[in-house]
Amino acid sequence: MDTPVKNEFFGHWSQIPYGLWKWKNFTPKEIACKGNGSIVVDFDAMDALQKFREIVKVPFTPNSAYRSISYNKRVGGAPKSQHVRGRAFDIPITDKLSREAIHEAAAKAGFTGIGDYNTFVHIDIGPKRYWDLRE
Ligand SMILES: [Zn+2]
């Protein structure tokens, strides 16, 4: 068997070749950097996000997914944030998607880093850890 490609960088999400994107509930634009449109497609992270989406059965767009290093700096992200590797997503809490539901589905989908914020939950596939930055 071929070794699967684990991640790929594109200077802009529109450069992703046809057929590479296989996560039906998300678009490349939604996952790309909001600063400059660049994107790291991390296959494991995207597989986990799609699995998460199928567990919660609620449509959503991550507040933040991939971040370029400069954009991550601009928004005050941690320098080693999993966002700059395309391995983190900030999931908005809504009437239809509670904090508890996000936590439960994230664990089932294989997310290992979880951070609570007032209006969203950060989930990533980095080292196992938890933080609470609610005010
Ligand atoms: Zn985050």
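Q: Is Ala101 buried, partly exposed or exposed, and at what relative accessibility?

A: Happy to start there. Buried means under 20% relative accessible area, exposed means over 50%, and partly exposed is in between (1.4 Å probe, protein chains only). At 29% relative accessibility, Ala101 therefore counts as partly exposed. Ala101 is found in helix H4. Before going on, note that this is a predicted model, in which local features need pLDDT of at least 70 and side-chain atom pairs count only at pLDDT 80 or more, while totals for chains, interfaces and linings use all residues. Residues are numbered from 1 along each chain as its sequence is written, and side-chain values use heavy atoms, with hydrogens and water left out.

Q: How should I read the packing of helices H2 and H4, and what are the angle and the distance between their axes?

A: Two packed helices are described by the angle between their axes and the distance between the axes. Axes are lines fitted to C-alpha atoms, for helices over the stretch in contact, and angles run from 0 to 180 degrees between N-to-C directions. Helices (H or I, at least four residues) and strands (E, at least two) are DSSP runs, numbered from the N terminus. Here H2 (residues 43-56) and H4 (residues 99-109) pack at an angle of about 130 degrees, with their axes 9 Å apart. That makes H2 oblique to H4, because angles under 35 degrees count as roughly parallel, over 145 as roughly antiparallel, 65 to 115 as roughly perpendicular and the rest as oblique.

Q: Which residues make that contact?

A: Contact means heavy atoms within 4.5 Å. From H2 come Ala48, Lys51, Phe52, Ile55 and Val56, and from H4 come Ala101, Ile102, Ala105, Ala106, Lys108 and Ala109. They divide into 9 nonpolar, no polar and 2 charged residues. In this scheme Ala, Val, Leu, Ile, Met, Phe, Trp, Tyr, Cys and Pro count as nonpolar, Asp, Glu, Lys and Arg as charged, and the others, Gly among them, as polar. Ala101 and Ile55, both in the contact list, are 46 residues apart in sequence and 9.3 Å apart in space, C-alpha to C-alpha.

Q: Where does Phe111 lie, and is Phe111 buried or exposed?

A: Phe111 lies in the loop between H4 and strand E4 (113-116). At 5% relative accessibility, Phe111 counts as buried. Not counting residues up to four places away in sequence, Phe111 touches Ala45, Ala48, Leu49, Phe52, Phe89, Ala106, Ile123, Asp124 and Ile125. The C-alpha atoms of Phe111 and Leu49 are separated by 8.5 Å, although these residues are 62 apart along the chain.

Q: What does Asp47 contact, leaving aside its neighbours within four places in sequence?

A: Asp47 is in contact with Lys22 and Trp23. Asp47 lies in helix H2 and, at 36% relative accessibility, counts as partly exposed.

Q: What is the phi of Lys57?

A: Most residues other than glycine have a negative phi, and most peptide bonds are trans. Lys57 has a positive phi of about 55 degrees although it is not a glycine. Its place is in the loop between H2 and helix H3 (69-74), and Lys57 is exposed, with a relative accessible area of 65%.

Q: Which protein donors does the zinc ion have?

A: Donors are N, O and S atoms within 2.8 Å of the metal (3.2 Å for Na, K and Ca); water is not among the atoms, so sites may look incomplete. For the zinc ion, the protein donors are His83 (NE2), Asp90 (OD) and His122 (ND1), lying 2.0 to 2.1 Å from it. Their spacing in sequence is H-x6-D-x31-H. His83 counts as buried at 2% relative accessibility, and Asp90 counts as buried at 4%.
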